[in-house]
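Have a look at the structure first, then read on.

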Amino acid sequence: IRIKNAGQQKEWTAANIYQFVDKARKLYTEAYGPDAGEVILHIHNHNFNGLASHVAYELLLLCQKNGYRNLVVDTAPPLMTHNNNLVVARALKLNEKEMDSL
């Protein structure tokens with residue numbers, strides 16, 4: 001399921017996005033049953049003021065803390081219009097070689 005946010009409103013916080021993620025997970029399970037596995041959620045947003053990358057980082061940590069590891073967040077190299085992959089990747093459990101590949 002793709003979540004798209006064209007910009008960053010004041011509501012674009014890790015806690016608010018996680019509420020949506022949690023609800024989407026529950027609705028998916030209700031609709032398809034627990035045997036369907038976890039829904040994969042993909043967030044596409046733009047990073048206009050430099051804060052979106054940090055929100056994505058916090059969101060990934062929050063999801064992981066709550067046992068959800070199927071969140072995909074668009075990222076790009078630094079100074080692009082999407083989340084900075086170097087900031088967001090800090091939330092991932094990557095080895096040195098994987099991190100260098102970014």
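Helices (H or I, at least four residues) and strands (E, at least two) are DSSP runs, numbered from the N terminus. With that in hand, G50 sits in the loop between β2 and α2.

Some ground rules before going further. This is a predicted model, where local features need pLDDT of at least 70, side-chain atom pairs count only at pLDDT 80 or more, and totals for chains, interfaces and linings use all residues. Residues are numbered from 1 along each chain as its sequence is written, and side-chain values use heavy atoms, with hydrogens and water left out.

The chain averages 88, and 96% of the residues score at least 70. Helix α1 (residues 14-32) has the highest confidence, at a mean of 95, while β1 has the lowest, at 76.

Now the strands. Two of them pair if DSSP finds at least two bridges between them. β2 has a partner in β1 and another in β3:

| Pair | Sense | Bridges | Partner of I43 |
|---|---|---|---|
| β2 and β3 (residues 71-73) | parallel | 3 bridges | V73 |

So is β2 buried or exposed? Buried means under 20% relative accessible area, exposed over 50%, and partly exposed in between (1.4 Å probe, protein chains only). Of the 5 residues of β2 (residues 41-45), 4 are buried, so the strand is largely enclosed by the rest of the structure. G50, by contrast, is partly exposed at 33%.

Finally, the inside. On a 1 Å grid over the protein atoms alone, a cavity is a set of points where a 1.4 Å probe fits but cannot get out, and lining residues have an atom within 4 Å of a point. There is 1 cavity of 30 Å³ or more, and the largest cavity holds about 40 Å³, the volume being the space filled by probe spheres set on the points, which are joined across faces, edges and corners. Its lining includes W12, I43, N45 and L59. β2 and α2 are the elements that give two or more residues to that lining, and α2 gives the most, with 4 residues.

Conventions: pLDDT = per-residue confidence, 0-100. 1 Å grid on protein atoms, 1.4 Å probe; cavity = no way out; pocket = protein on both sides within 12 Å on 5 of 7 lines; lining within 4 Å.
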